[in-house]
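Please look at the sequence and the structure shown here, and keep them in view while reading the report that follows.

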Amino acid sequence: MAKEKTLEDLFYDTLKDIYFAERQILRALPKMARAAQSSELKAGFQKHLEETEAQVERLQQVFEKIGKRAQGKTCEAIQGVIAEGEDIMEEFKGTPALDAGLISAAQAVEHYEIARYGTLKTWAATLGLKDVVALLDQTLQEETATDKTLSQLATTAANQKARAA
């Protein structure tokens with residue numbers, strides 16, 4: 001008879017998912033920074049790249065704290081979101097709408113991450129993993145701040161530039 005799956009199993013499975021996603025994001029961010037037209041957006045992507053590197057290290061600490069090997073599990077959702085961003089970079093290259101499109105793609109990634117980290121944080125609390133909750137919360141706060149920064153860049157510049165063209 002198959003072993004019944006538990007919240008611990010679900011937590012570990014989801015942790016592998018976000019670990020894979022973060023590593024894919026590390027590869028996508030430099031491309032997005034190069035494609036961005038505004039210096040503010042380029043700088044924002046560069047800053048988030050540095051944060052993402054720290055987030056991967058934090059995830060490795062979470063794996064260590066739960067006594068599991070840090071490993072990823074293919075996340076088709078993040079692959080799809082990143083592919084959509086790549087399509088935007090290709091289809092809108094050189095146009096006034098590019099930065100608005102890049103921001104929308106980046107926010108799709110952020111919203112995925114916010115959902116995952118929020119869920120993982122709640123499950124970690126339920127499982128009594130206080131140290132893990134703090135690590136996940138730190139990343140959740142960074143992801144939320146990045147989303148707000150992207151919204152600000154969109155509303156103060158990128159969307160107007162795209163519309164004016």
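## Ile78 and its contacts

Not counting residues up to four places away in sequence, Ile78 touches Phe20, Ala21, Gln24, Ile25, Val109 and Tyr112, where contact means heavy atoms within 4.5 Å. This is a predicted model, in which local features need pLDDT of at least 70 and side-chain atom pairs count only at pLDDT 80 or more, while totals for chains, interfaces and linings use all residues. Residues are numbered from 1 along each chain as its sequence is written, and side-chain values use heavy atoms, with hydrogens and water left out.

## The nonpolar core

Ile78 also belongs to the largest nonpolar core, which has 46 residues and in which Phe45, Ile78 and Leu136 touch the most other members. A nonpolar core is a set of buried Ala, Val, Leu, Ile, Met, Phe, Trp, Tyr and Cys residues joined through side-chain atoms within 4.5 Å; buried means under 20% relative accessible area, exposed over 50%, and partly exposed in between, with a 1.4 Å probe and protein chains only. Two or more residues of this core come from each of helix 1, helix 2, helix 3 (76–91), helix 4 and helix 5, and helix 1 gives the most, with 12 residues. Helices (H or I, at least four residues) are DSSP runs, numbered from the N terminus.

## Helix 2 and Arg58

Helix 2 covers residues 39–65, and its 27 residues reach 39 Å from the first C-alpha to the last, close to the 39 Å expected at 1.5 Å a residue, the expected span being 1.5 Å times one less than the number of residues. Among the buried residues of helix 2 are Phe45, His48, Glu51 and Arg58, and what covers the buried residues of this helix includes helix 1 (7–35), helix 4 (98–126) and helix 5 (130–164). After helix 2 comes Gly67, whose phi is positive, near 75°.

Arg58 lies in helix 2, and it counts as buried because its relative accessible area is 7%. Leaving aside neighbours within four places in sequence, Arg58 is in contact with Leu135, Gln138, Thr139 and Glu142.

## The largest pocket

The largest pocket has a volume of about 300 Å³. Of the 24 residues that line this pocket, the closest to its centre are Leu29, Phe45, His48, Glu110 and Thr146. At least two lining residues are supplied by each of helix 1, helix 2, helix 3, helix 4 and helix 5, and the largest share, 6 residues, comes from helix 5. A pocket is an open set of points on a 1 Å grid over the protein atoms alone, where a 1.4 Å probe fits, with protein on both sides within 12 Å along at least five of seven lines, and lining residues have an atom within 4 Å of a point; grid points are joined across faces, edges and corners, and the volume is the space filled by probe spheres set on the points.
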